[in-house]
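Take a look at the fold below.

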Amino acid sequence: MLKNHKKPILYEGDYWIVTENQWPYDASSNHFLIIAREHAEKIGDLPPGSGDELFFISRLIEREHDIESGALCMRFGKPLINGGTVNHIHLHLIVPNQKPGKVLFFLVDTKDRFESKYGQIKTEE
């Protein structure tokens, strides 16, 4: 995942790497990626201890960037099902901007992605 990512690494732990998202979501003032160092597709693939470090890193980002409110979102498993674009566990730590009327959504748009790749979904009546 990092081979195509152009933003500098902000933090490296034993299990996770942190960088800014080079394609931040609309309505976000900060958008960080917390990426598993070793390849993992499912939560069960992550090594013991990675959860503790994940929350340590999340608190570090929150403190160092004076984040008052935000979202921590993870996609795992198959991208065609979870709406992701990368088959590797990573989290988005997203800080919404403070402009009134702007709402930040973490979308899971699987039906359109699936249909654009494989054709219309057939459902049983």
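A residue is called buried under 20% relative accessible area, exposed over 50%, and partly exposed in between, using a 1.4 Å probe and protein chains only. This is a predicted model, so local features need pLDDT of at least 70 and side-chain atom pairs count only at pLDDT 80 or more, while totals for chains, interfaces and linings use all residues. Residues are numbered from 1 along each chain as its sequence is written, and side-chain values use heavy atoms, with hydrogens and water left out.

Start with E41. With a relative accessibility of 31%, E41 is partly exposed. E41 sits in the loop between β3 and α1. Helices (H or I, at least four residues) and strands (E, at least two) are DSSP runs, numbered from the N terminus. Which residues does E41 contact, leaving aside neighbours within four places in sequence? They are F76, G77, N87 and I89; contact means heavy atoms within 4.5 Å. The side chain of E41 also makes polar contacts, with H39 at 3.0 Å and with N87 at 3.4 Å. A polar contact is a pair of N or O atoms within 3.5 Å; within protein, one must be able to donate a hydrogen and the other to accept it, and residues adjacent in sequence count only if both atoms are side-chain atoms. V86 is 45 residues from E41 along the chain, and their C-alpha atoms are separated by 9.3 Å.

Next comes the helix α1. Buried in α1 are S50, E53, L54, I57, S58, L60 and I61. Seen down the helix axis, these buried residues fall within an arc of 160°, so they line one face of α1. That arc is taken from the directions from the helix axis to the C-beta atoms. D52 and R63 are exposed on the other side of α1. The cover over the buried residues of α1 includes β1, β2, β3, β4 (71–75) and β5. D66, with a positive phi near 50°, follows α1.

Now look at the core. A nonpolar core is a set of buried Ala, Val, Leu, Ile, Met, Phe, Trp, Tyr and Cys residues joined through side-chain atoms within 4.5 Å. The largest one has 15 residues, and W16, I34, L46, I57, I61, I67 and L93 have the most contacts inside it. Two or more residues come from each of β2, β3 (28–36), α1 (50–64) and β5 (90–96). Beyond four places in sequence, W16 touches residues including Y11, I34, L46, I57 and L91.

Strand β2 (residues 16–20) also holds T19. T19 is buried, at 0% relative accessibility. Its side chain reaches the backbone oxygen of K7 at 3.4 Å.

Finally, how many salt bridges does a search of the whole structure find? There are 2. A salt bridge is a side-chain nitrogen of Lys or Arg within 4 Å of a carboxyl oxygen of Asp or Glu. One pairs K7 with E20, with the closest N and O atoms 3.9 Å apart. K7 lies in the segment before β1 (9–12) and E20 in strand β2, so this pair ties together parts 13 residues apart in sequence. The other joins R37 and E12 at 2.9 Å, N to O.
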